[in-house]
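Open the model in your viewer and keep the selection panel to hand.

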Amino acid sequence: AAQDTTVLLQGETGTGKEILARAIHNWSPRASRPFVAVNCTALPEPLLESELFGHEKGAFTGAHRLRRGRFELASEGTLFLDEVGGIPMPLQAKLLRVLEGHGFERVGGEVTLQNEARIIAANNRDLKEAVQQGRFREDLFHRLNVVAIEVPPLRQRPEDIDELVNCFIARYCTLTKQSKKRMTPAALDVLKHYLWPG
């Protein structure tokens, strides 16, 4: 967290990759700066490009004003690229250019802006496999895979269940103003043997 290196989080959907990304940001020297998240699969390519890099007024139909992109909004903070494997190939080349330190332009813009944000990327599938299948650029993979963290699903770390249960019970007892509750050993055993899909 204390370093400015790019981090790649990989793990199944629901393992807490965004929570870990926020924790890395909060433990970093950038903690007082913005944490900006973008789901790379939630938008079609033209909208994702504008979302990441922003656009100039008049750049396309409906661009009635200048809009700063997520890279600018995260300036000196952290930009979290969730499901980075879903970025279309042409946009992967533009992202690679930013990560190589060459900056970016807003859609329809001519001025090159520098990226000042730390990048944390996440994906729910193995990006190495996507590279081998030709769906993800190898050079971009290496730029993102500086510090790689595999986030295991809860079924692979049942020793964490006790602590999580106690944390949630304490939180909800406080929220509902109830006296502290505890889980029966039988109920805890059910949770420890559950497969935790998603």
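Two rings of Phe, Tyr or Trp count as a pair if their centres lie within 6.5 Å. Planes under 30 degrees apart make the pair stacked, and planes over 60 make it edge-to-face. The model you are looking at is predicted. It holds six aromatic pairs.

**Stop 1: a stacked pair.** Select Phe35 and Phe80. Their rings are 6.0 Å apart, centre to centre, with 25° between the planes. That angle is under 30 degrees, so the pair counts as stacked. Now colour the two strands. Phe35 lies in strand 2 (residues 35-39) and Phe80 in strand 5 (residues 78-82), so the pair ties together parts that are 45 residues apart in sequence.

**Stop 2: an edge-to-face pair.** Move to Tyr194 and Trp196. Here the centres are 4.9 Å apart and the planes stand at 90°, an edge-to-face arrangement. Tyr194 is partly exposed, with a relative accessible area of 45%. Trp196 is also partly exposed, at 28%.

**Stop 3: a ring cluster.** Select Phe53, Phe71 and Phe104. Ring pairs link these residues into a cluster.

Stop 4

Centre on Leu79. Beyond its neighbours within four places in sequence, Leu79 is in contact with Val36, Val38, Arg70, Phe71, Ala74, Ala117, Arg118, Ile119 and Ile120.

In soluble globular proteins, nonpolar side chains tend to be buried together.

**Stop 5: the largest pocket.** Select Gly14, Thr15, Leu154, Arg157 and Leu164. Of the 20 residues lining the largest pocket, these lie nearest its centre. The pocket holds about 570 Å³ of space. Helix 1 (17-26) and helix 7 (161-175) are the elements that give two or more residues to its lining. Helix 7 supplies the largest share, four residues. Colour the lining by residue class to finish: twelve residues are nonpolar, five polar and three charged.

Note on methods:
Residues numbered from 1 in each chain as written. Predicted model: local features only at pLDDT ≥ 70, side-chain atom pairs only at ≥ 80, totals over all residues. Heavy atoms only, no water. 1 Å grid on protein atoms, 1.4 Å probe; cavity = no way out; pocket = protein on both sides within 12 Å on 5 of 7 lines; lining within 4 Å. Points joined across faces, edges and corners; volume = space filled by probe spheres on them. Nonpolar A, V, L, I, M, F, W, Y, C, P; charged D, E, K, R; others polar. Buried < 20%, exposed > 50% of the residue type's maximum accessible area, 1.4 Å probe, protein only. Contact = heavy atoms within 4.5 Å.
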